[in-house]
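I opened this entry to record what I looked up around the ligand, at one helix pair and along the backbone. The notes follow the order in which I went through them.

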Amino acid sequence: MAPNNTYDVIIIGSGPGGYVASARAAQLGLKVACIEKAPRLGGVCLNVGCIPSKALLDSSEYLQLAKDQFADHGIKTGRISLDLSVMMARKEKVVQDLTENVRRLLEGNKVEIIHGTARLAAADQITVESDSGTSKKKQITTLTAKAIILATGSETVPLPDLAFDGDKIISSTEALKLDAVPKHLGIVGGGYIGLELGSIWLRLGAKVSLFEMLPKIATGLDGQVGRKLQRVLKRQGFKFFMNAKVTQAKALTKNIKVELEVKGKKETVTCDKLLVCVGRSPLTRDLGLDEVGVETDPETGRVKVDSAYRTNISSIYAIGDLVPGPMLAHKASAEGIAAAEIIAGHPGEVNYDAIPSVIYTWPEVASVGLTEEQVKERNIPYCSGTYPFTGAGRARCMGETEGFVKVLAHEKTDRVLGVHIIGPRAADMIAEGVLAVEFAASSEDIARTVHGHPTFAEALQEAAMAVQKCSIYAS
Ligand SMILES: Cc1cc2nc3c(=O)[nH]c(=O)nc-3n(C[C@H](O)[C@H](O)[C@H](O)COP(=O)(O)OP(=O)(O)OC[C@H]3O[C@@H](n4cnc5c(N)ncnc54)[C@H](O)[C@@H]3O)c2cc1C
């Protein structure tokens, strides 16, 4: 084998897990190759996930503001209209620029980027199938490494008997590049992806019906926050069908008939696109796991790893959506850094109690730590403080007063157990809550920290003060 086919670490996948692991391993002096089968680097997050969805959420939010709020600020804009192709081109440019940044980052760190589909061949060996220039024949290259990190991510799952057709029955990937606003968008699944994509198309003019099998949306949220979010979205125009099981969907020439079972009763809803976002499954197909003997969880299909991200084969590691835990980009990146550091002989770990989660609806929703329901289930004695954005000067200035901050703290030690925010810029505000959980801060620590005025973060300070019933402004 040629020595240039030998590496310290090979990373399969260039998503936020894989590219971050690649950069960190290279910074630590290792010889690294990152293999990517898609034409562009960056994985689901940059290409068909976090980034394009947020680009469209931001654009559609501007449209909504221009239509509904500019007049309140004394801004006259005349007739507002949508040019969807420009909005999509802008999104594409944001994606293209960021994927190029990933390329520059890896090249700058001397990571060898190899385009092709990787497969495990042995505990220290992979094969890469790639196009061989002009001929149609595929070229197979064998590479060896002391360590291999699997970072192949996840893929959308269809409902049983409801295969994606890319036209009427679509996944999040197609929902991010529609060339016309659907008249009526049906969404199966009330998780964050359904709520965010539903918000985009609702703001752009679609009627949106959301079918959720459970009695509540975004089930991981603190109950009080989840109920508030559903009320707000309903007011914005979402039509929710709760406890609604989609039993069948028939694609007709112009539209699609969705059959539902709602609390034992049958209902039919006709829409022109049906977006199915009922979860994602780890991408382990054709990766050679069985041949090499890498164990997966039979129930979830996720690759089993220990606390050092090592699989049962000691030279093979796995991170990101492929392994247990929330399927989130920042969780994948944190694991990528930890795995790279461990492989380079350093300590590396991720605090799973301090991973924020965010829903980029408007108002945004963000949380970290335990929900009130989880605190009760665990019989932890606790105090809670809430503060509404109506009491925050900055929120008044912006005209965005919907929502509140909730802080949960241990009754005896005052240690912060959870922070839950629904409101303007919650996604950015939650960083302070994450830091509090990470540093095992008390609610008094937040309360006594001087916050700039006027800021949204003052609402978090007031909620922390309310834990000890000493909020200055709460009535
Ligand atoms: C619509 C949508 C919105 C989202 N929004 C957010 C958000 O706002 N915030 C957030 O934190 N998360 C969000 N996510 C989730 C986030 O995208 C994932 O958690 C994250 O991308 C996982 O990173 P990863 O590195 O594990 O895998 P991925 O990003 O899935 O990357 C895996 C890469 O591996 C490549 N690959 C797979 N198999 C092979 C092979 N055999 N050989 C070579 N390459 C291979 C794939 O092509 C891919 O590029 C969103 C997801 C979706 C679908």
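**Ligand shell**

I sorted the shell around the ligand by class and got 18 nonpolar, 16 polar and five charged residues. The model is a predicted one, and I read every value below with that in mind.

I then listed the surroundings: 39 residues surround the ligand, and the closest are Gly17, Glu36, Lys54, Asp321 and Ala329.

Next I went through backbone contacts to ligand oxygen atoms. For Gly17, a backbone N or O atom lies 2.8 Å from an oxygen atom of the ligand. For Val44, I noted a polar backbone atom at 2.9 Å from a ligand oxygen atom. For Leu328, the distance from a polar backbone atom to an oxygen atom of the ligand is 3.2 Å.

I checked how covered the ligand is. Taken alone, the ligand exposes 1,000 Å², and the protein buries 95% of that area.

Which elements give two or more residues to the shell? I wrote down strands E2 (32-36) and E4 (117-122), together with helices H2 (43-48), H3 (50-68), H6 (192-203) and H9 (329-343). Helix H2 gives the most, with four residues.

**Helices H3 and H6**

I logged the crossing of H3 past H6 as left-handed.

Which residues meet here? From H3 I have Ser53, Lys54, Leu56, Leu57, Ser60, Glu61, Leu63, Gln64 and Lys67. From H6 I have Glu196, Leu197, Ser199, Ile200 and Arg203. By class, this contact has five nonpolar, four polar and five charged residues.

**Backbone geometry**

I looked for cis peptide bonds. One joins Trp362 and Pro363, with omega about 0°. Pro363 sits in the loop between strand E18 (357-359) and strand E19 (364-369).

I also noted a cis peptide bond from His453 to Pro454, with omega near -5°. Pro454 belongs to the loop between helix H13 (443-448) and helix H14 (457-467).

Lys110 is not a glycine, yet its phi is positive, about 65°. I placed Lys110 in the loop between helix H4 (84-108) and strand E3 (112-115).

Notes. Residues are numbered from 1 along each chain as its sequence is written. This is a predicted model: local features need pLDDT of at least 70, side-chain atom pairs count only at pLDDT 80 or more; totals for chains, interfaces and linings use all residues. Side-chain values use heavy atoms; hydrogens and water are left out. A residue is near a molecule or strand if one of its heavy atoms lies within 4 Å of it. A polar contact is a pair of N or O atoms within 3.5 Å; within protein, one must be able to donate a hydrogen and the other to accept it, and residues adjacent in sequence count only if both atoms are side-chain atoms. Accessible areas come from the Shrake-Rupley method with a 1.4 Å probe; for residues, only the protein chains shown count as cover. Ala, Val, Leu, Ile, Met, Phe, Trp, Tyr, Cys and Pro count as nonpolar, Asp, Glu, Lys and Arg as charged, and the others, Gly among them, as polar. A crossing is left-handed if the near helix is turned anticlockwise from the far one by less than a right angle, and right-handed if clockwise. Contact means heavy atoms within 4.5 Å.
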